[in-house]
Amino acid sequence: MAEKKIMFNDAMEQLEEIVRQLEQGDVPLEQALTLYQKGMELSKVCHDKLQNAESQLVTMMKDGKEVPIDIEMGGNAK
Amino acid sequence: MSTDPYLSVKALTKYIKKKFDADPHLRDVYVKGELSNVKIHTSGHIYFTLKDNATRLPGVMFSASAKSVKFKPESGMTVLIRGDVSVYEASGQYQLYAQSMQVDGIGDYYLAFEQLKEKLAKEGLFDALHKKQLPRFPKRIAVVTAQTGAAVRDIIITLHRRYPLAEVVLYPTLVQGAGAVQSIVQSIQAANTSNYDVLIVGRGGGSIEDLWAFNEEAVARVIVASKIPIISAIGHETDTTIADFVSDLRAPTPTAAAELAVPSQAELLEKISSYRSRMYRTVSITISQQQKMLERLTSSFPLAYPERLYRPFIERIERATDSLQRESLQYVSRSKEQYRTFDHRLKSRMPLQQIRQSETDVTELGRRLDYQVNQLLKDRQQQLSSSIRTLDALSPLKIMDRGYSIPYIEGAVVKSVTQVKTGDSLTIAMQDGMIQATVNEINPASKGDVNDG
């Protein structure tokens, strides 16, 4: 399992790179399988991160400090 | 009572000034003309001459009024001025005191906008070179806009809906009215002290005057100086601000700004699933290709008929074995032949003959040696007998026969009278015996008769 610490964008970029490499078609089989496995893990990480993203942290700078704000989100959030 | 009919210059001028000031038409005049000799004093007062093709009128605009002028007055501009006409006593000149000034034909906002735009364009601030790249997946987003209103709501809701991974921080900012410029500048600078990936500067709709702060040079410069890429959502379609020009990306609405700032979650999920299927497809293709290749190889000629692989080797071994046997037999027979030849040659040169010859030679030589030795012995014996006879003939004994005797003293032959002294005993050998005698007298011979002794 890929470590959970990975940043979404790094995971996404790695995933894209893996897809690109695989699609180039000159990857040896073992490596292709390893890449595939790694790619599926990254895909899951990305997917989960997006799906399970907790409601974003919306803050406001007030007197140089961040304070939470409550914006009326309307009906279509989540 | 003075009857001096002459007025002082000052008094006359004062009188005239009073007349001017009393005239209601001159208190609030609207006048149109072309600016010339425009001088902006460091104090902010603007001095100018207003003219048309016939007449010139000196004018002044004090700094308090000049501040509200949105454009920079320049010679040649046709302007609309509202003010009053009065007399400047010190020079005795009447002049126009301008309260407000507008460019004729176009709004002064527009002119100010065009002027600043031209200035900044000349500095190259709109060049693509200054545009920063926006990150694909921003982690932290700063929003500079008013705390309330549709803009902030639109931005935050859109960011949330599209990309919930990003953290959003709002910098509450005055975007219109007095203090807006300073507030915008401060917010952008404050956001730049923290690590954001993108900054959205936005505002809701409003009139051109409402968004004026975004046409101010200070705002433009702070946007250019920002280390964080800035998306502007200020103008509305037709109204473009200077801030829009210098921003890294311009959005038509706050919602559009948020959409430009982050990728769409739905699209990303779709992309991820497409990546999955593409990976699956390519890997399956790879596997099936490898499988096919394996099958092809398995059914290939050498693997299908493995015995054919070693057949040539067997043949080679057999050939080699055959030739080895043949060669070794030939070798043995050749060796035998050689042996025989050499044996024959050896035997033909046996040294028996030589031995026999040598035996004969040895015998012959022995015989000759015996002969020679006997001969030699015989010769030596004859020589010896001869010598003995000669010796015998020469013997002293024979001499003594003839009357000689030999005196000895103490065993030694006395050959000289000096060997003896009177009284010595001498032994004298004779031919037939010995005489013991004593020396009585010694008479040495004279020199002449020694040899006779």
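Buried here means under 20% relative accessible area. The views below show a predicted model.

View 1. Beyond its neighbours within four places in sequence, Glu167(B) touches residues of chain A and chain B. Leu57(A) and Glu66(A) are the contacts in chain A. Lys139(B), Arg140(B) and Ile141(B) are those in chain B.

**View 2. The salt bridge of Arg140(B) and Glu167(B)**. The closest N and O atoms are 3.3 Å apart. Arg140(B) sits in strand E6 and Glu167(B) in strand E7, both of chain B, so the pair ties together parts 27 residues apart in sequence. Arg140(B) is buried, with a relative accessible area of 14%. Glu167(B), at 18%, is buried as well.

**View 3. The salt bridge of Arg161(B) and Glu259(B)**. Here the closest N and O atoms are 4.0 Å apart. Arg161(B) belongs to helix H5 of chain B and Glu259(B) to helix H9 of chain B, so the pair links parts 98 residues apart in sequence. Arg161(B) is partly exposed, with a relative accessible area of 33%. Glu259(B) is partly exposed too, at 34% relative accessibility. Elsewhere, salt bridges with shared partners join Lys119(B), Glu123(B), Glu217(B) and Arg221(B) into one network. The count over all chains comes to 20 salt bridges.

**View 4. The interface of chain A and chain B**. Chain A puts 43 residues into the contact, and chain B puts in 39 residues. The area buried between the two chains is about 3,700 Å². Carbon and sulfur atoms give 69% of that area. The rule finds 2 salt bridges across this interface.

**View 5. A salt bridge between chains: Arg136(B) and Glu16(A)**. Their closest N and O atoms are 2.5 Å apart. Arg136(B) lies in the loop between helix H4 (108-123) and strand E6 (140-145) of chain B. Glu16(A) lies in helix H1 (residues 8-24) of chain A. Which end of the pair is buried and which is partly exposed? Arg136(B) counts as partly exposed, because its relative accessibility is 36%. Glu16(A) counts as buried, because its relative accessibility is 16%.

View 6. Over all chains, a search of the whole structure finds 8 aromatic pairs.

**View 7. The largest nonpolar core**. This core has 55 residues. Those with the most contacts inside it are Phe48(B), Phe71(B), Met101(B), Ile188(B), Leu199(B) and Phe214(B). Leaving aside neighbours within four places in sequence, Ile188(B) is in contact with Val144(B), Leu199(B), Val201(B), Val222(B), Ile223(B), Ser226(B) and Ile230(B). Another core lies apart, with 47 residues. Cys46(A), Val152(B), Tyr275(B) and Met279(B) are among its members.

**View 8. Strand E5 of chain B and its partners**. Strand E5 spans residues 93-103. Strand E3 (residues 56-61) runs parallel to E5(B), joined by 2 bridges. On that side Gly59(B) stands opposite Leu96(B). Strand E4 (residues 78-88) runs antiparallel to E5(B), joined by 10 bridges. There Val87(B) has Tyr94(B) as its bridge partner. E4(B) and E5(B) form a hairpin with 4 residues between them. In the turn, Gly92(B) has a positive phi of about 65°.

**View 9. The buried residues of helix H9 of chain B**. Helix H9 covers residues 254-261. Its buried residues are Pro254(B), Ala256(B), Ala257(B), Ala258(B) and Ala261(B). They pack against helix H5 (150-162), strand E8 (198-202) and strand E9 (230-233) of chain B.

**View 10. Chain A on its own**. Chain A has 2 helices and 2 strands. From the N terminus on, the order is α-α-β-β. Of its 78 residues, 41% are buried. Among contacts in chain A between residues at least 6 apart in sequence, 52% join residues at least 24 apart.

Conventions
Residues are numbered from 1 along each chain as its sequence is written. Chains are lettered from A and ligands numbered from 1 in the order in which they are written. This is a predicted model: local features need pLDDT of at least 70, side-chain atom pairs count only at pLDDT 80 or more; totals for chains, interfaces and linings use all residues. Side-chain values use heavy atoms; hydrogens and water are left out. A nonpolar core is a set of buried Ala, Val, Leu, Ile, Met, Phe, Trp, Tyr and Cys residues joined through side-chain atoms within 4.5 Å. Buried means under 20% relative accessible area, exposed over 50%, partly exposed in between (1.4 Å probe, protein chains only). Contact means heavy atoms within 4.5 Å. Two strands pair if DSSP finds at least two bridges between them. Rings of Phe, Tyr and Trp (its six-membered ring) pair if their centres lie within 6.5 Å; planes under 30 degrees apart count as stacked, over 60 as edge-to-face and the rest as tilted. Buried area is the accessible area (1.4 Å probe) that two parts lose on being put together, summed over both. A salt bridge is a side-chain nitrogen of Lys or Arg within 4 Å of a carboxyl oxygen of Asp or Glu.
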